[in-house]
Amino acid sequence: MDEVFKALADPSRRALLDRLNARNGQTLRELCAGLDMTRQSVSKHLAVLEDAGLVTAVRHGREKLHHLNAEPINAVAERWIRQYDRERVRALADLKRALEEPAVDADTPATAPPGGAAPGPDAFVYTTHIRTTPERLWEALTSPAFTRRYWGLAFETDWNAGSPMLWEQNGARIDDPAQVVLEADPFRRLAYTWHTFTPEWAAAVGVSEELRARLADERRSRVAFTLEPQGETVRLTVVHDGWEPGATGLGMIREGWPALLSSLKTLLETGEPLPEPAA
């Protein structure tokens with residue numbers, strides 16, 4: 001946490017985070033525009049933010065796009081602040097929510113191709129470090145014994161590239177030929193298309209028909225997990241992309257993924273997922 005607080009203490013670095021919160025996936029040149037800082041200074045500030053895990057940089061062709069990563073802020077809120085009076089640290093909680101709000105760039109369409117290519121601006125990118133092994137994390141991402149505990153759903157598939165996937169959540173079975181495994185490199189990388197928004201799914205999870213219809217009209221998205229061992233931990237990067245600008249689903253997953261991945265991390269490190277939030 002020391003690196004996170006140190007990174008957030010500088011107003012210039014907070015300004016860069018604000019820019020990424022307003023429009024995610026920017027190049028160094030774009031971030032420098034309009035700032036009273038040299039390109040070298042911006043690069044140094046971005047390096048500090050990357051070291052603290054607040055920014056994730058990914059290659060997109062010849063360019064490097066910088067994405068806001070809310071995981072450290074989420075970790076502060078879930079793992080450290082919870083032992084104190086939350087009312088006394090409302091400012092940090094507000095910052096966490098602000099960093100996790102959807103960033104929409106109405107002028108930039110989602111063009112990120114599948115198959116491991118770097119995400120475009122309209123993508124959710126999240127990086128976390130989990131004290132576990134790649135084998136254990138892979139099992140947690142694919143085995144119903146794990147996914148039911150922190151996610152409340154299970155997959156039926158053989159986890160081979162091109163294979164269909166059946167999703168089961170709260171008794172609703174979501175089956176569609178477009179639900180497929182895109183990549184499956186055990187213990188390294190996993191990618192698949194997102195599920196279809198069926199009336200049965202909506203009823204099972206408490207989503208209104210109006211909201212379900214909006215989701216069903218949007219382009220199908222995809223999610224990819226990259227696992228990188230780093231000593232006693234595994235760096236997990238989640239990229240959920242393929243969205244249309246301003247997609248309703250993008251706003252929803254920006255709220256859902258941080259809590260879900262925090263619960264996954266807690267499950268692997270303590271044996272128990274995070275408790276469900278109070279109604």
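Trainee: Why is His67 called buried?

Mentor: Buried means under 20% relative accessible area, exposed over 50%, and partly exposed in between, with a 1.4 Å probe and protein chains only. His67 has 0% relative accessibility, so His67 counts as buried. His67 lies in strand S2, and its C-alpha is 8.6 Å from that of Leu54, 13 residues apart in sequence. Bear in mind that this is a predicted model, where local features need pLDDT of at least 70, side-chain atom pairs count only at pLDDT 80 or more, and totals for chains, interfaces and linings use all residues. Residues are numbered from 1 along each chain as its sequence is written, and side-chain values use heavy atoms, with hydrogens and water left out.

Trainee: What makes Gly171 exposed?

Mentor: Gly171 has a relative accessible area of 62%, and exposed means over 50%, so Gly171 is exposed. You will find Gly171 in the loop between strand S5 (164-169) and strand S6 (172-185). Gly171 and Val205 are 34 residues apart in sequence, with their C-alpha atoms 9.7 Å apart in space.

Trainee: How many helices and strands does the protein have, and what counts as one?

Mentor: There are 11 helices and 9 strands. Helices (H or I, at least four residues) and strands (E, at least two) are DSSP runs, numbered from the N terminus. Of the 279 residues in the protein, 49% are buried.

Trainee: How do you know that the span of helix H4 agrees with its number of residues?

Mentor: The expected span is 1.5 Å times one less than the number of residues. For the 13 residues of H4 (residues 39-51) that gives 18 Å, and the end C-alpha atoms are 18 Å apart, so the two agree. Just after H4, Gly53 takes a positive phi of about 80°.

Trainee: Which residues of H4 are buried, and what puts them on the same side?

Mentor: They are Val42, His45, Leu46 and Leu49. These residues cover an arc of only 100° around the axis, which puts them on the same side of H4; the arc is that of the directions from the helix axis to the C-beta atoms. The face turned away from that buried side carries the exposed residues Gln40, Lys44 and Asp51. The cover over the buried residues of H4 includes helix H1 (2-9), helix H2 (11-22) and strand S2 (63-68), where contact means heavy atoms within 4.5 Å.

Trainee: Why are H1 and H2 called roughly perpendicular?

Mentor: Their axes come within 5 Å and cross at roughly 90°. Axes are lines fitted to C-alpha atoms, for helices over the stretch in contact, and angles run from 0 to 180 degrees between N-to-C directions. Angles under 35 degrees count as roughly parallel, over 145 as roughly antiparallel, 65 to 115 as roughly perpendicular and the rest as oblique. H1 and H2 are therefore roughly perpendicular to each other. Lys6, Ala7, Leu8 and Ala9 in H1 meet Pro11, Arg13, Arg14 and Leu17 in H2.

Trainee: And what makes H10 and H11 roughly perpendicular?

Mentor: The axes of helix H10 (residues 209-216) and helix H11 (residues 248-270) cross at roughly 110° and come within 8 Å, so H10 and H11 are roughly perpendicular to each other. Leu211, Arg214 and Leu215 of H10 make the contact with Thr248, Gly249 and Met252 of H11.
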